[in-house]
Amino acid sequence: MRPYVVVNIAMSADGKISTRERRQVRISGAEDFTRVDRLKAGCDAVMVGIGTVLADDPSLTVKSEECRKYRRKIGRASC
């Protein structure tokens, strides 16, 4: 069986994803953060590039308790 891959990207209205200094720019709101949390809850893995890791130190865990309960319900490890 082939893997199912979901790509989630975001950019500002003018096409930017960061500043010239490669600083993170907040371009998403609470609704999008909730959507991404639900997306992560249904996935087996999250992959980010080394630039993201070094620049943003992202927390890749599922945040909401509701989403963590969903993961347990479908038999996935808690994260």
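Let's start with R35. R35 forms a salt bridge with D32, and the closest N and O atoms are 2.7 Å apart. A salt bridge here means a side-chain nitrogen of Lys or Arg within 4 Å of a carboxyl oxygen of Asp or Glu. Why can such pairs form? Side chains of opposite charge can pair when their charged atoms come close.

Now the background. This is a predicted model, where local features need pLDDT of at least 70, side-chain atom pairs count only at pLDDT 80 or more, and totals for chains, interfaces and linings use all residues. Residues are numbered from 1 along each chain as its sequence is written, and side-chain values use heavy atoms, with hydrogens and water left out.

Back to our pair. R35 and D32 are three residues apart in helix α1, so about one helical turn separates them. Helices are DSSP runs of H or I with at least four residues, strands are runs of E with at least two, and both are numbered from the N terminus. How accessible are the two partners? R35 is partly exposed, because its relative accessibility is 39%. D32 is partly exposed too, with a relative accessible area of 23%. The cut-offs: buried is under 20% relative accessible area, exposed is over 50%, and partly exposed is in between, with a 1.4 Å probe and protein chains only.

Next, helix α3. Which residues are linked in a network of salt bridges? They are E65, R68 and R72. E65 forms a salt bridge with R68, with the closest N and O atoms 2.8 Å apart. Those two are three residues apart in helix α3, so again about one helical turn lies between them. R72 also forms a salt bridge with E65, and there the closest N and O atoms are 2.9 Å apart. Look at the accessibility. E65 is at 36% and counts as partly exposed. R68 is at 22%, also partly exposed. R72 is at 43%, again partly exposed. By the salt-bridge rule, the count comes to four.

Now put the helices together. How do α1 and α3 meet? Helix α1 covers residues 30-41, helix α3 covers residues 65-73, and their axes come within 9 Å and cross at roughly 20 degrees. Axes are lines fitted to C-alpha atoms, for helices over the stretch in contact, and angles run from 0 to 180 degrees between N-to-C directions. That crossing angle makes α1 roughly parallel to α3. Roughly parallel means an angle under 35 degrees. Who makes the contact? From α1, it is D37, R38, K40 and A41; from α3, it is E66, C67, Y70 and R71. Contact means heavy atoms within 4.5 Å. These residues divide into three nonpolar, no polar and five charged.

Zoom out to the whole chain. The protein chain has three helices and zero strands. Read along the sequence, the pattern is α-α-α. The C-alpha trace spans about 45 × 30 × 20 Å along its principal axes. Of the 79 residues, 11% are buried. Take contacts with a separation of 6 or more: residues 24 or more positions apart account for 44% of them.

Last stop, helix α2. It covers residues 50-56, and D56 lies in it. D56 is partly exposed, with a relative accessible area of 28%. How far is D56 from K69? They are 13 residues apart in sequence and 27 Å apart in space, C-alpha to C-alpha.

Note on methods. Parallel < 35°, antiparallel > 145°, perpendicular 65-115°, else oblique. Nonpolar A, V, L, I, M, F, W, Y, C, P; charged D, E, K, R; others polar.
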